[in-house]
Amino acid sequence: IASNGSAASSKELALQMLEGEGYTSVNTYGYRCSNALSLNCTLTVCSGNSFKTAAAEQIKEQLAALNFNGKIIQLDCTDYVKAVAGGNYDMYLGEIKIPANMSLDEFMTSGGAANLNVYRENEDGSEEISACFDAYDKLKKGEYSLSDFCMLFETEMPFVPICYRNGAQVYSRRFKSEVKGTCYDNFYNINTWKVESNEKTEG
């Protein structure tokens, strides 16, 4: 997904890739196609989060710039989870919290909550573990370098990082004050903040 100043070059690169796969024409509906096949897909998103629905709309707009017909499917939280768990989607917009140690286990292990691509199907119908996930396992064992893993991830792309949260407020449980921030100043009322002392008084 293109962003900021890279939009033009990303679009050109995407067009080159699509044309390289045979999608060289646009049909009467305005969709890029290859022979009788046109580019159509759905993007499933949880309707309860305005930021995610806005991101989905932006993705749809960027796909449309490539004559790629994208349809957004908004589901409530319960139906969204069922759809993703059941594989009832073309693409879905999801979110995962990475722990403090920056582990990617939720994405890259068979038991991970955000992983649906540990195995890939071969042409003969058999399955084998995806090279990217195998490399991650070796990375954790010290048998693979981080730079080599990143290069392989970029080649295989089991999932596409779209955006990242920022401006999060993290503080100690001993912090008892109410934080009142604004979109311009996270420390708006810092002069009123108080931290509960953990020192015990002797009586």
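Biologist: Which side chain has a polar atom 3.0 Å from the backbone nitrogen of Lys 52?

Modeller: That of Asn 49. For a polar contact, N or O atoms must lie within 3.5 Å; within protein, one must be able to donate a hydrogen and the other to accept it, and residues adjacent in sequence count only through two side-chain atoms. Keep in mind that this is a predicted model: local features need pLDDT of at least 70, side-chain atom pairs need pLDDT 80 or more, and totals for chains, interfaces and linings use all residues. Numbering starts from 1 along each chain as its sequence is written, and side-chain values use heavy atoms, without hydrogens or water.

Biologist: Where is Asn 49?

Modeller: In the loop between strand S4 (40-46) and helix H2 (50-64). Helices (H or I, at least four residues) and strands (E, at least two) are DSSP runs, numbered from the N terminus.

Biologist: Is Asn 49 buried or exposed?

Modeller: Asn 49 counts as buried because its relative accessibility is 18%. The cut-offs are under 20% relative accessible area for buried and over 50% for exposed, with partly exposed in between (1.4 Å probe, protein chains only).

Biologist: And S4, how many of its residues are buried?

Modeller: Six of the seven, so S4 is mostly covered.

Biologist: Which sheet does S4 belong to?

Modeller: An open sheet of three strands, in the order S5-S4-S6, with parallel pairing. Strand S5 (69-75) and S6 are the edges, each pairing on one side only. Two strands pair here if DSSP finds at least two bridges between them.

Biologist: How many bridges on each side of S4?

Modeller: Seven join S4 to S5. Two join S4 to S6. Both pairings are parallel.

Biologist: Who faces whom across those strands? Take Thr 42 and Thr 44.

Modeller: Thr 42 stands opposite Lys 71 in S5. Thr 44 stands opposite Tyr 92 in S6.

Biologist: What does H2 lie across?

Modeller: H2 lies across S4, S5 and S6. It runs at about 165° to S4. Axes are lines fitted to C-alpha atoms, for helices over the stretch in contact (heavy atoms within 4.5 Å). Angles run from 0 to 180 degrees between N-to-C directions.

Biologist: How do Phe 149 and Phe 153 pair?

Modeller: They form a tilted pair, 6.5 Å centre to centre, with 40° between the planes. About one helical turn separates Phe 149 and Phe 153, because they are four residues apart in helix H6 (residues 146-156). Both are buried.

Biologist: Which residues do ring pairs link into a cluster?

Modeller: Tyr 80, Tyr 89 and Tyr 92.

Biologist: New topic. What about Asn 189, where is it found?

Modeller: In the segment after H6. Asn 189 counts as buried because its relative accessibility is 9%. Its side chain makes a polar contact with the side chain of Trp 193, at 2.9 Å. Leaving aside neighbours within four places in sequence, Asn 189 touches Glu 178, Val 179 and Lys 180.

Biologist: What order do S1, S2 and S3 take in their sheet?

Modeller: S1-S2-S3, in an open sheet with antiparallel pairing. Strand S1 (25-26) and strand S3 (37-38) are the edges. Strand S2 (residues 32-34) pairs with S3 over two bridges. There, Ser 34 stands opposite Leu 37.

Biologist: Zoom out. How many helices and strands in the chain?

Modeller: Six helices and eight strands. Of the 203 residues, 22% are buried. Among contacts with a separation of 6 or more, 43% join residues 24 or more positions apart.

Note on methods
Phe/Tyr/Trp six-rings, centres within 6.5 Å; stacked < 30°, edge-to-face > 60°.
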